[in-house]
Amino acid sequence: MRALIEAIHAEQGLLPQFYWPQDLLGAEMATAEAVGAFENNVLIGFVLYRELPEAFEISLVASHPQYRRRGAMEKVIEHLVNAKGQERELWLEVHEENVPAQKLYEKLGFKEVRRRPRYYKDGATAILYSHS
């Protein structure tokens with residue numbers, strides 16, 4: 001998973017909408033559940049999530065830059081919706097400028113429920129989505 005994150009940072013830099021400090025990223029990977037997509041034994045994308053009392057919270061969605069736009073993340077998130085979304089809501093947040101991710105989440109049935117102004121390091125708003 002770290003190699004995939006490093007590939008994202010190498011391709012796009014440390015953008016605020018995807019930047020995780022190493023200590024927080026390590027803690028998240030150590031404590032969250034994960035589901036991923038592989039191609040020829042290469043991890044091409046993954047989702048980290050955790051169980052909360054009232055929902056499952058998706059904390060990180062990562063797609064390898066060389067494997068984007070192939071539908072892998074749609075299948076991973078769809079799998080998570082089918083596996084966990086029947087039990088309780090799924091929550092996630094996305095940077096307001098990440099329109100491709102917003103379109104994917106909306107295509108999969110996520111609905112915007114609120115916004116967190118100035119949430120990201122660059123001052124941008126986080127859009128919170130829910131799938132029930």
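Reply: Helices (H or I, at least four residues) and strands (E, at least two) are DSSP runs, numbered from the N terminus. Histidine 64, for instance, lies in the loop between strand 3 and helix 3. Residue numbers start from 1 along each chain as its sequence is written. This is a predicted model, in which local features need pLDDT of at least 70, side-chain atom pairs count only at pLDDT 80 or more, and totals for chains, interfaces and linings use all residues, while side-chain values use heavy atoms, with hydrogens and water left out.

Me: How many helices and strands does the protein chain have, and in what order do they run?

Reply: The protein chain contains 4 helices and 6 strands. From the N terminus on, their order is α-α-β-β-β-α-β-α-β-β.

Me: Is histidine 64 buried or exposed?

Reply: Buried means under 20% relative accessible area, exposed over 50%, and partly exposed in between (1.4 Å probe, protein chains only). Histidine 64 counts as buried because its relative accessibility is 12%. Contact means heavy atoms within 4.5 Å. Leaving aside residues up to four places away in sequence, histidine 64 touches Leu4, Ala7, Leu43 and Ile44. In the protein chain, buried residues make up 42% of the 132 residues.

Me: Which residues have the most contacts inside the largest nonpolar core?

Reply: In soluble globular proteins, nonpolar side chains tend to be buried together. A nonpolar core is a set of buried Ala, Val, Leu, Ile, Met, Phe, Trp, Tyr and Cys residues joined through side-chain atoms within 4.5 Å. The largest core here has 24 residues, and those with the most contacts inside it are Val47, Ile58, Ile77, Tyr105, Phe110 and Tyr129. Helix 3 supplies the largest share of this core, 6 residues. Tyrosine 105 touches Val61, Ile77, Leu92, Val94, Phe110 and Tyr129, again without counting residues up to four places away in sequence. There is also a second, separate core of 11 residues, including Ile5, Leu43, Phe46 and Leu48.

Me: What radius of gyration does the protein chain have, and how is that value judged?

Reply: The radius of gyration is taken over C-alpha atoms, and the globule rule is 2.2 Å times the number of residues to the power 0.38. For 132 residues, a compact globule would have a value near 14 Å; the protein chain has 14 Å, so the two agree. Along its principal axes, the C-alpha trace spans about 35 × 35 × 30 Å.
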